[in-house]
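Student: I have a structure here and some time to go through it. Can we take it piece by piece?

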Amino acid sequence: MISKFTAIQGESFDYWKIVGLFGALFVLGLLAFGYIEIQGHHVTGMNQKVVWGLPHVFAISLLVMASGALNLASMATVFGAEPYKQFRRFSAFLAIALLVGGLLVLIADLGRPDRGLLTMIHMNFRSMFTWNVFLYSGFVVLCFLYLWSMMEHEKYVKITGSAAFPGRVILTTGTGSIFGVIHAREVFHSAITGPTFIAVSLSSGTAICFLLLASTFKATGREFHPKLISGMRNMLIFFTLAVFYLIVVEKFTKSYSPAFYDVEKWVLTGQWAWLFWGGIVLAGIVAPLAILTHKTWGNSLNGVMLASGLAIIGEVSFIAHVLLAGQTYPFNPFPGYVVSSSFQDGAFGHYVPSLSEFMLGMGGVGVAGLIYLLGIKFFRLLPKKAEAPEHWAPWNP
Amino acid sequence: MTMDRRTALGVGGAVAAGTLLAPGIHLIAAPQRTEAKAGRRWAMLIDVTKCTEECTGCSDACAKENNIPQIEDKDRQIQYIRKLKIEDKAGKKPPISLPVLCNHCEHPPCEHVCPTSATFIRKDGLVLVDKHRCIGCRYCMIACPYKARSLVYQENETPVAELNGETPIRAAGVVEKCSFCVHLIDKGELPACVQSCNQSHGGAMMFGDLNDPNSEIAKKVAEVKSLTLRADLGLKPHVHYQGL
């Protein structure tokens, strides 16, 4: 059923214009890295309360999206959804591209990036960060093996694809657990943080796949069967509902406990509430669901592309909200008392990102974009024509 | 030189596999850590009834002893020990002022989360930071429930003549915190904050080996009612407060 895989020609002025754009982002990221590295982190908006800022939002968003980008491949290999088989190569390659972009930002934002190698020499296996070093590098290896078997040895696809599936689940759980396992922070600590990260990764990963597939197919004049649009739309609806469900469960659980009344009230009405209501709820859940379930918009390519863009805004908002709300909520070593000090105990933290942080984060997007653009030019990652079998009817919730 | 796709994939896979395996290979032997006498357990007892809000003797002495730069930017100041004011929400009790510092926990979350083991526990219970191994990931700052850690946001520009040659200057980008003045303890002296408090201020601080039943602090902790901060977290902190 699958038409032949081909690389795109990538010789047009438009193609090189886009390559140049992402290359410029990469260069901006490099400049920002050099600036922060030479000057020190005081040129960022970070402070003693908010120590993980915008670069972490970019990095974690890319990592979470990377795991989700493997979704189309997993649908074909693990869940036997044959029509998505034609996107397996693209899906696994995109996962690697996004992961590399995210990891670079994460490393570049270390206080001492020159010592990054120490994470591989002196390891503390009780640290969730150490686990993540293995999870990220392991995921890249699994995606490579998967890609290699798809291109060279189809007989190993089932094994490599099946190994990559738990790999991505564990990876995203690990990323979510960086926050979820921290007992000292009321906003972070939750057993459901890991699963929520998985749901967010599924929705944003599917969204980025759809956006890139649709725009690449449009730009290269390839056909995209409408049934595939419906299939991915339905997937996106399901994953968005999963995000909604998990967020409701977490809010319900915490709001049920008197110990969390204050913190939950602040999360929902405090300084980062706009990210929660505007970014997560409106842009990430309500608007995509309204578009995707609409009779006309939900069946149009542009409608699903718009919903996908909104789902990605929702994902970034989710990560930003977890990070920033979690860090700015006041520390109080004396619960039940009002505390104050010259070190801002008991006070809400504040954070305004600097331009250099934004540039550093965009540098990661630039790297991921460059890898994707060069990948589709030099490897046969995309089908000539995205087809759907006649008898196939995409699952409809 | 051109590379066909098969080779490119192979090289990419090999690099990725190397990245995966590298963490398990100890390329460079870990530096020897100073091993203190096992069996000791350094601890502090602070009598908050002797603390006044105006007194900053402990934090001033700490800053001087440990070469802590005085940064104007309040958001990025480094504080090893700070005075905290606590007030009863109902306003029925008078406010209390007390010093808060690293609690040198028996189960420190900072040590638990540190990916490179830059934060480690010495045999005598001191929780220390290896400034050469810290990569500045700041996860320890996220995990510490006492807000006892600071990131060095910029280079220390204090003139050399004003520096204490016995304590290291931390480079920008690493995380640091109170060490209970390990350099003084190892010489048989008391931490700078305790010395200052007892010599010219309220005399609220007591320091010693909690495992030695004949030590003053062990006797006092056994005798008076004292509390540790956030005992609910099960970290077994070793800064005790009397009079809270």
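Tutor: Start with a term: buried means under 20% relative accessible area, exposed means over 50%, and partly exposed is in between, using a 1.4 Å probe and protein chains only. Helices (H or I, at least four residues) and strands (E, at least two) are DSSP runs, numbered from the N terminus. By that scale β2(B) is mostly covered, since five of its seven residues are buried.

Student: Anything to know about the model and the numbering?

Tutor: This is a predicted model, where local features need pLDDT of at least 70 and side-chain atom pairs count only at pLDDT 80 or more, while totals for chains, interfaces and linings use all residues. Residues are numbered from 1 along each chain as its sequence is written, chains are lettered from A and ligands numbered from 1 in the order in which they are written, and side-chain values use heavy atoms, with hydrogens and water left out.

Student: Back to β2(B). Which strand of chain B does β2(B) pair with?

Tutor: β2(B) pairs with strand β3 (residues 96-100) of chain B, antiparallel, over five bridges. Two strands pair if DSSP finds at least two bridges between them. Within that pairing, Ile86(B) has Ile96(B) as its bridge partner in β3(B).

Student: And which strand of chain A is joined to β2(B)?

Tutor: Strand β2 (residues 337-341) of chain A is joined to β2(B) by five bridges, and the two run antiparallel. Val338(A) stands opposite Glu87(B), and Ser340(A) stands opposite Lys85(B).

Student: How many residues of each chain are in contact?

Tutor: 71 residues of chain B are in contact with 70 residues of chain A, where contact means heavy atoms within 4.5 Å. The area buried between the two chains is about 6300 Å², and carbon and sulfur atoms give 60% of it. Buried area is the accessible area (1.4 Å probe) that two parts lose on being put together, summed over both.

Student: What about polar contacts between chain B and chain A?

Tutor: There are 36 residue pairs in polar contact between chain B and chain A, both residues being at pLDDT 80 or more. A polar contact is a pair of N or O atoms within 3.5 Å; within protein, one must be able to donate a hydrogen and the other to accept it, and residues adjacent in sequence count only if both atoms are side-chain atoms.

Student: Which elements of chain B give two or more residues to that side?

Tutor: They are α1 (5-21), β2 (82-88), α3 (109-113), α4 (139-143) and β6 of chain B. α1(B) gives the most, with 10 residues.

Student: How many salt bridges are there across the interface?

Tutor: The rule finds three across the interface of chain B and chain A. A salt bridge is a side-chain nitrogen of Lys or Arg within 4 Å of a carboxyl oxygen of Asp or Glu. In one of them, the side chains of Arg82(B) and Asp345(A) meet at 2.6 Å, N to O. Over all chains, the whole structure has 16 salt bridges.

Student: Why does the pair Arg126(A) and Glu111(B) join two chains?

Tutor: Those two form a salt bridge, with the closest N and O atoms 2.3 Å apart. Arg126(A) lies in the loop between α5 (118-121) and α6 (128-151) of chain A and Glu111(B) in helix α3 of chain B, so the pair joins two chains.

Student: Is Glu111(B) buried or exposed?

Tutor: Glu111(B) is buried, with a relative accessible area of 15%. Arg126(A), at 45%, is partly exposed.

Student: New topic. Where is Thr167(B)?

Tutor: Thr167(B) is in the loop between β6 (149-151) and β7 (175-177) of chain B. Thr167(B) is buried, with a relative accessible area of 7%.

Student: Which residues does Thr167(B) touch?

Tutor: Leaving out residues up to four places away in sequence, Thr167(B) touches Glu65(B), Asn66(B), Asn67(B) and His183(B). A polar contact of 3.0 Å joins its side chain to that of Asn67(B).
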